[in-house]
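Please open the model in your viewer and keep the selection panel at hand.

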Amino acid sequence: VALAQGCSHGIVVTIDPWLDLCYTPTNGNSILEEFLSNTRHINNIFPLKLNSVDAAAAFKINFDMIFIDGDHWYESIYLDIKTWGPRANRILCGHDYHQEWEGVRRAVDELVIDFERPAGTIWCRR
């Protein structure tokens, strides 16, 4: 929601397999149904039900900003950064750079040169 509202003249594409593995909404809906309900008032969000690798194969274009907040295991975040990092025209960033997610920290430290920590657990390369 924050990204879409801050990008009022652009499109925000969300890529997720929408698997209810780690989170189950309390209202009985799936996580995708909850996401769609929470974002129904925003007309510039386009959710895609794909995993990261399949989405990268499907989209041969670059984006102004890539925000990575998927699977937090080292191998997965490493692959996300390697796959999507070169496609970020302006900003590559992500979430959960902190002690609890060692895999995120390790992958970002290894692959993202000159990144900043602009707020909380957000990492960013401009």
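Select H4 (74-84) and H5 (102-111), two helices that pack at an angle of about 35° with their axes 8 Å apart; axes here are lines fitted to C-alpha atoms, for helices over the stretch in contact, and angles run from 0 to 180 degrees between N-to-C directions. Helices (H or I, at least four residues) and strands (E, at least two) are DSSP runs, numbered from the N terminus. The crossing of H4 and H5 is right-handed, a term that applies if the near helix is turned clockwise from the far one by less than a right angle, left-handed being the anticlockwise case.

This is a predicted model, in which local features need pLDDT of at least 70 and side-chain atom pairs count only at pLDDT 80 or more, while totals for chains, interfaces and linings use all residues. Residues are numbered from 1 along each chain as its sequence is written, and side-chain values use heavy atoms, with hydrogens and water left out.

Now show the side chains between the two helices: on the H4 side are Tyr74, Ile77, Tyr78, Ile81 and Lys82, which meet Gly103, Val104, Arg106, Ala107, Val108, Glu110 and Leu111 of H5, contact meaning heavy atoms within 4.5 Å. The residues of this contact divide into eight nonpolar, one polar and three charged, where Ala, Val, Leu, Ile, Met, Phe, Trp, Tyr, Cys and Pro count as nonpolar, Asp, Glu, Lys and Arg as charged, and the others, Gly among them, as polar.

Which residues touch the most other members of the largest nonpolar core? In this core of 17 residues, they are Ile66, Ile68, Ile81, Leu92, Val108 and Trp123, a nonpolar core being a set of buried Ala, Val, Leu, Ile, Met, Phe, Trp, Tyr and Cys residues joined through side-chain atoms within 4.5 Å. At least two residues of this core come from each of H3 (52-58), S3 (63-68), H4, S4 (88-94) and H5, and H4 gives the most, with four. Centre the view on Ile68, whose contacts, leaving aside neighbours within four places in sequence, are Ile77, Asp80, Ile81, Leu92, Cys93, Gly94, His95 and Trp123.

A second, separate core of six residues can be selected through Ala4, Val12, Trp18 and Phe35, which are among its members.

The whole structure has zero disulfides, a disulfide being a pair of cysteine sulfur atoms within 2.5 Å. Cys93 is buried, at 5% relative accessible area, and Cys124 is buried, also at 5%.

Finish in the loops. Trp18, between strand S1 (12-16) and H2, has a positive phi of about 55° although it is not a glycine, and is buried at 11%. Asp96, in the loop between S4 and H5, is likewise not a glycine and has a positive phi of about 75°; its relative accessibility is 11%, which counts as buried. Thr39 lies between H2 (31-38) and S2 (45-49), is buried at 7%, and touches Val1 and Ile45, not counting residues up to four places away in sequence.

Technical notes:
Buried < 20%, exposed > 50% of the residue type's maximum accessible area, 1.4 Å probe, protein only.
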